[in-house]
Amino acid sequence: MEALYAACVGVLTASGVFLLLRGRTFPVVVGLTLLSYGVNLFLFASGRLSVGGAAVLGTSSDHSDPLPQALVLTAIVIGFAMTAFVVILAMRARGDLGNDHVDGRVPVIDADSEERT
Amino acid sequence: MTLMWIPLLPLLGALVPILTASLGRTACAWATAALPALALILTLSLIPQIEGSSSILAQLDWIPALNLSISFRFDGLALLFAILILGIGLLVILYARYYLSAQDSLPRLYAYLMLFMTAMLGIVLSGNLLQLWVFWEFTSISSFLLISYWWHNSEARRGARMALTVTGAGGLALLAGILLLGKIVGSYELDAVLASGDLIRSHAWYPVTLVLVLLGVFTKSAQFPFHFWLPHAMAAPTPVSAYLHSATMVKAGLFLMARLYPALAGTDLWFVLVSLTGLTTLLVGAYFALFKHDLKGLLAYSTVSHLGLITLLFGLGTKLGAVAAVFHIINHATFKASLFMAAGIIDHECGSRDMRRINGLWKYMPYTAVLAMVAALAMAGVPLLNGFLSKEMFFAETLQQHFLGSLSWIIPVLATLAGVFSVAYSIRFIHDVFFNGEPINLPKTPHEPPRYMKVPVEILVGLCLLVGIFPSLVVGPLLALASSAVLGGDLPEYSLAIWHGINTPLIMSLVAMSGGLLVYFNRRYIYAFQKQFPEFDANEAFERAVRRLVAAAGWLMERLDKVSLQRYLLMMLLMWVVLVASSMLDLVKLTGNRPQLPVDGVSLAVALLLCCGALATVIYNRHRVLALLTLSVVGLAVSLVFARFSAPDLALTQLVVEVVTLILLMLALFFLPQRTPRESRPGRILRDLSLAVVIGGLMGSICYAMMTRSFSTISDFFLLNSKTGGGGDNVVNVILVDFRGFDTLGEITVLGIAALGIYNLLAGLRLFMPSGDADGRQWARDRHPLILATISQSVLPLALLVSVFIFLRGHNMPGGGFIAGLVTAVALILQYVAQGVDWMKERLQLVYPRVIACGVLLSTLTGAASWLFGRPFLTSWFDHFHLPLVGDFELASAMTFDLGVYLTVVGSTLLILANLGQMTTSERPVTKEQD
C-alpha cells in the first residue's frame, strides 16, 4: 500500500511541476493546485498510514496520528486562499497587461513558434 | 556618563540652527556654537581623569544577548582628536557665518556640519569597533551632504558622488577587516583588541585583515591611488573644505591607523604597505600641487601630500615615528585649516580662485596676506613655525629606518625631494597670490574681509606661531598624552626644541628650502615638461569607470537573468533536485523495516482514478475547462484517500474545499482565455517533462522511504491530554482550537488578509466579458434555471442546519469551525449561483469584510480573555452542565474560538466568490480613484 501511496504522491507532484513550468497563468494555477494535493498527501503520510484507526477518543485504542491531520487541515484551507489569490492576481494581470503570460508579456521567440505550428 | 554627552550634544545641536533660523544669521551662528562649545568644555573637564595611556569607559547595554553595547572610550588620542574636531568646528561655524552669501541657507550648512561633528566624535570616542564603523560610514554620508551643499552645481554633485563612492567602498573593506579582527580576538571591544596585538599579528588572517583595514584607511585619508577624490571634493564650500578636508575627516583614516597601531603595526607587511603608500602619496601630492592653478586645488594636493607624510611616519613603525605623526596631525590641522580659510577669504573677496588671475593682493588685503603667509611658511616647514618642528622630526625618522637594507638611504632622499616641492608650492601660494604683479580681470575689487571672518584665521595662525616658538609649553602635554595612547603607554625620549644643533635633519631642511626656491623660480621649465603629458582628468576617468562597471553589470545580468519567471522557477527546481538528490544518494536502502499495509482493490481503484485524473489534467491542460474537470476528479480522489486512511476531518475539508475551488476556477476561467496557445517547443516540453518526472520520482521515493520507517511522535501527548486538558474527543479539532490555537489564529488572519487582498485586486479591474466560449458557442441565456433555484432554496435551510451540527459536534466528533464554515459558504454560494447577485443582495445584507473582522476579533478576544483569569494567552476552559430536557452538555471557551474560525472562513470564502461572481454582472466593484 505504501508504494502505491508514494506513487500517487509522485504522479501528483510530477503533474504539478510540469504545469507549473507552463507559460500561461491558468495552467500554472492548476499545477499549483495539483502540487498542493501532492504536498498535503505527503505531509499527511508523515503520520504513517493506518486503515481503520480511530478518529476520536474512546472508540478504539488504535489511533491515527492527529498532528499531521491538524496541520494538513489548515494547509487545505490556506491552500484554497492561496489558489484564490493567485488566480485573481492572474485575472488582474490579464486585465492590466493585456495577456495572460506569467511574465506579463508574450515572448517573441514563442510567438514565432506559434506561427510555425 | 559625561563622556556620552560629548557626541550627543552636537547631535542635538543639529536641530538648533533649524530652530533658530528665523532669528537672523548672527544669532543662529551663536546658538549653533553653544552646544559644541559645551561639548568642548566637557572634553577638557575629562583631562584630569586620564594619565599616560589610561582610558575611561562609558557603556550602555544595547543587546546584551549578542554582547553588543554602546561603548565610549576616552584616552589621550581621543582627547587630541576631540579638541581638533570641536575646536576647529567652532572656528568654522564662526567663519561660515561670513563666508556664505545671502542666498545660501546657513542653517542647512550648520545642521550638516553638526551631523558631521557628531559622526567624527563618534569615531574617535567609540570603544567598540563595530560602533566605530557605524560612525565611520556616517562621516561618509554627512560629508556627501556637505560636499553637495551647492547641489545645483554639477561639479559639486559629481565630487560628492565620487567621495561617497570611494570612501563608501573603503568603508565596506574596513567592515570586513573589522569583522575579521573581531573573529580573531573574539571581541569587538577596543580594549580587548588593543591588548591582543601579538595574537593578531601571528594569526593566519593577519595579512587579509591588515589589507582590508588599510583599504578603509587609505580611501578615507586620500592615499595614493585613492587620492583623486579629495581634489574633487573641493567643490564644497570652503568652510567645509577647511573642516573636513584638512582638519578632520581625512584625518579619520590616520586616526584609525593610530588607534589600531598597537594591534596591527610592527610587522614587515605593515612597513611595506603603509610606508610605501605614504611615500608615494607624499611625492605625488607635493609634485602635482605645484601645477594647480586653483587655490583650493593646490591646497588639496598639498593636503594629500601631508597625509602621505603622516602615513609614512606611521609606516616606519618606530616609536618616535608615531610621536612625530601625532605631532604633525596637530600641526597640519592648524596651518592647513587656516590656509583654507584664507583661500576662502581670497575667493570671497576676489570672486575667483585662479592663481593666474589673482596677483598682487598684498596691496589690497595686507592683513590677510600676513596671516596667509605665516600659515604657508608653516606648511613649507620654516623655523619658528610649527610645521618646521614636525618636519624636522620626520626627516630625523626617515634616517632611522633600515628596512630597505643597504638601499635605505632612498627614503630620506625622497623625503627631502618631497620637501623641495612642498617649499616650492608654498612659495607659489605666497608669491603668486600676494605679489607677482597686478590682479588680472577679477570680478570684484579685492579688499579686507569682515572683521570676524579673520578671527578664526588669526587664532589658528597664532597657534602655529605659539607651537613653533614654545613647543613643549603649548603642545607638549597634549602630545605626550596622545602619543602614549597610540603607543600603549611606552613613550620614547624626545625633545620639542627649536634648536638641536647642526645635524642631518637640519641640513635636509635647508636643502629642501633652497631647492624649493630654486624650483619655484625655474618653474616654467617644469611646467613645460609637465605639459608634454596629456592632462588626466580624474573626474572623467572615474565617471567612465563607473559607466563601464554599470554596463558590465548590465551585461552580466542579461546573461544571468532573462526576467522570466519560468526561468527562475526552473532554476529553483533544479537546485531542489540537486540538493535533494545528493542527500538521497546517502540513503543506502529505500525501504525501511516498518511493516507495510496490504493493497486492496478499492485503494487500487482510487489510486488509479487519482493518477489518471492527474495525467489527464496534464494532457488536456490546453483545454482549460476539461483540465478543470479532471482536476476536480483528482481532488475528490484525494478526499477519498483521506477517508480511507482514518482522517474523516481531512476528507470532509478536502471535499468542501474542492467544491469551492471548482466554483472559483470556473468563475476565473470566464475571464481568462478558454484555451492555452500551443507555444512551447518540443525541446522545452521534453525538458520540463523530464524535470517533472525526476522531481515526482524524488518526492515519491522520499515519501516511500519515510512511510516505511518507524518514527517517534509527540502526538501521544495530544492523545493523552485532549480529553482532560482540552475537553474534547476529536483530537484534531482540539489541536486546532486549543493546543495549537495560536497557530490557528495566525492561519485565519492570513485567510482574512488573502480575502481582503483579493477584494482589492478585483476593485477597479476591467476585463473583457466574452459572450461565448472558445468555439464561438453562446453562453446559455437562462442565467438562473428554475430547477436549480427551487432545489437550492429547499437545500439552504438543510445545509445551514448541517453546518451548525458539524460546528457543534466538532469538539468531540469529526467537524469543527473550518468545515462548518466551508459548508455554510457553499450553501450560500449555491444561492448566488441559482438566484444571482442582485437577488442575494436584497436578502442577505452581510458586509463580508466585517464578518472576517468579527471572526478574527472573536478568536483573539477569546484568547485574551484568559488574561482576565491571570492565565497565559489562549488558555482554554471547559465544564459540563445539565439542563432539563437538553440533558448533559459541555461548554468550552474553545467553542467561541472556533466560532471565530467559522466566521472568518465564511466571510473570506464569500468575500472572494461573491465578489468574483459579481464581476460577471453589471455591478462590478470599483475603487474611488479609478472613477
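Biologist: Hi! To start with chain B, what share of its 931 residues count as buried?

Modeller: Hello! In this predicted model, 55% of the 931 residues of chain B count as buried.

Biologist: And what is the secondary structure of chain B?

Modeller: Chain B comes to 39 helices and four strands. As for its contacts with a separation of 6 or more, 79% join residues 24 or more positions apart.

Biologist: What about burial and contacts in chain A?

Modeller: Of the 117 residues of chain A, 63% count as buried. Residues 24 or more positions apart make up 53% of the chain A contacts with a separation of 6 or more.

Biologist: Which residues of chain B lose the most area to chain A?

Modeller: Those are F645(B), E679(B) and M707(B), which together account for 8% of what that side buries.

Biologist: How many salt bridges are counted between chain B and chain A?

Modeller: The count is two. In one of them, R22(A) pairs with D688(B), and the closest N and O atoms are 2.2 Å apart.

Biologist: I'm curious about E2(A). Where does E2(A) lie, and which residues does E2(A) touch?

Modeller: E2(A) lies in helix α1 (residues 2-20) of chain A. Not counting residues up to four places away in sequence, E2(A) touches L49(A) in its own chain, and on chain B it touches R594(B), P595(B), Q596(B), L597(B), Y704(B), M707(B) and T708(B). M707(B) also came up among the chain B residues that lose the most area to chain A.

Biologist: What is the nearest side chain of opposite charge to E2(A), and how far away is it?

Modeller: That is R594(B), 4.5 Å away. A salt bridge needs the nitrogen and the carboxyl oxygen within 4 Å, so E2(A), although buried, has no salt bridge.

Biologist: New topic: is A378(B) buried or exposed?

Modeller: A378(B) counts as buried because its relative accessibility is 0%. A378(B) lies in helix α18 (residues 366-380) of chain B.

Biologist: Which residues is A378(B) in contact with?

Modeller: Leaving aside neighbours within four places in sequence, A378(B) is in contact with F335(B), L385(B), N386(B), G387(B) and F388(B). A378(B) and H332(B) are 46 residues apart in sequence, and their C-alpha atoms are 8.8 Å apart in space.

Biologist: Last one, T909(B). Where is its place, and why does T909(B) count as buried?

Modeller: T909(B) is in helix α39 (residues 893-918) of chain B. T909(B) counts as buried because its relative accessibility is 2%.

Biologist: And which residues does T909(B) touch?

Modeller: Not counting residues up to four places away in sequence, T909(B) touches F80(A) from chain A, along with V660(B), L822(B) and A825(B) from chain B.

Methods
Residues are numbered from 1 along each chain as its sequence is written. Chains are lettered from A and ligands numbered from 1 in the order in which they are written. This is a predicted model: local features need pLDDT of at least 70, side-chain atom pairs count only at pLDDT 80 or more; totals for chains, interfaces and linings use all residues. Side-chain values use heavy atoms; hydrogens and water are left out. Buried area is the accessible area (1.4 Å probe) that two parts lose on being put together, summed over both. Helices (H or I, at least four residues) and strands (E, at least two) are DSSP runs, numbered from the N terminus. Buried means under 20% relative accessible area, exposed over 50%, partly exposed in between (1.4 Å probe, protein chains only). Lys and Arg count as positive and Asp and Glu as negative; His and the chain ends are not counted. Contact means heavy atoms within 4.5 Å.
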